[in-house]
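Work through these exercises with the structure open beside you. Try each task before you read its solution.

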Amino acid sequence: MGEKGEHAGHRQRMIKRLKTQDVSEYEKLEILLYNALPRVNTCDLAHRLLSKFGSIKEVLSSSIEELKSV
């Protein structure tokens, strides 16, 4: 099942941006989530996680139960 429409190739473009220019905190987290959640839109989840925990460091140091609450 491939991506369709405006989202086609989004992950590849994001990874390329990571290598060539500054990306926001949520975009960095979105990229980290790609491997954990294949074929899932990680953008909204990255925003929700950062909203709750405040930083990537806090997201990564949170318990499974805390992460499940998001």
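**Exercise 1: the contact of α2 with α3**

Find the residues through which α2 meets α3, then describe the packing.

Step 1. E25, Y26, L29, E30, L33 and Y34 in α2 meet T42, C43, L45, A46, H47, L49 and L50 in α3 (contact: heavy atoms within 4.5 Å). The model is predicted: local features need pLDDT of at least 70, side-chain atom pairs count only at pLDDT 80 or more, and totals for chains, interfaces and linings use all residues. Residues are numbered from 1 along each chain as its sequence is written, and side-chain values use heavy atoms, with hydrogens and water left out.

Step 2. Take the geometry. The axes of α2 and α3 lie 8 Å apart, at an angle of about 120°. Axes are lines fitted to C-alpha atoms, for helices over the stretch in contact, and angles run from 0 to 180 degrees between N-to-C directions.

Step 3. Name the arrangement. α2 and α3 are therefore oblique to each other. Angles under 35 degrees count as roughly parallel, over 145 as roughly antiparallel, 65 to 115 as roughly perpendicular and the rest as oblique.

Step 4. α2 passes α3 in a right-handed crossing (near helix turned clockwise from the far one by less than a right angle; anticlockwise is left-handed).

**Exercise 2: the contact of α1 with α2**

Repeat the analysis for α1 and α2.

Step 1. The axes of α1 (residues 10-20) and α2 come within 10 Å and cross at roughly 125°. That makes α1 oblique to α2.

Step 2. The crossing of α1 past α2 is left-handed.

Step 3. From α1, H10, R11, M14, I15, R17 and L18 meet E27, K28, E30, I31 and Y34 of α2. This contact divides into five nonpolar, one polar and five charged residues.

**Exercise 3: the whole chain**

How many helices and strands are in the protein chain?

Step 1. Count five helices and zero strands. Helices (H or I, at least four residues) and strands (E, at least two) are DSSP runs, numbered from the N terminus.

Step 2. Along the sequence the pattern reads α-α-α-α-α.

Step 3. The C-alpha trace spans about 35 × 30 × 15 Å along its principal axes.

Notes:
Nonpolar A, V, L, I, M, F, W, Y, C, P; charged D, E, K, R; others polar.
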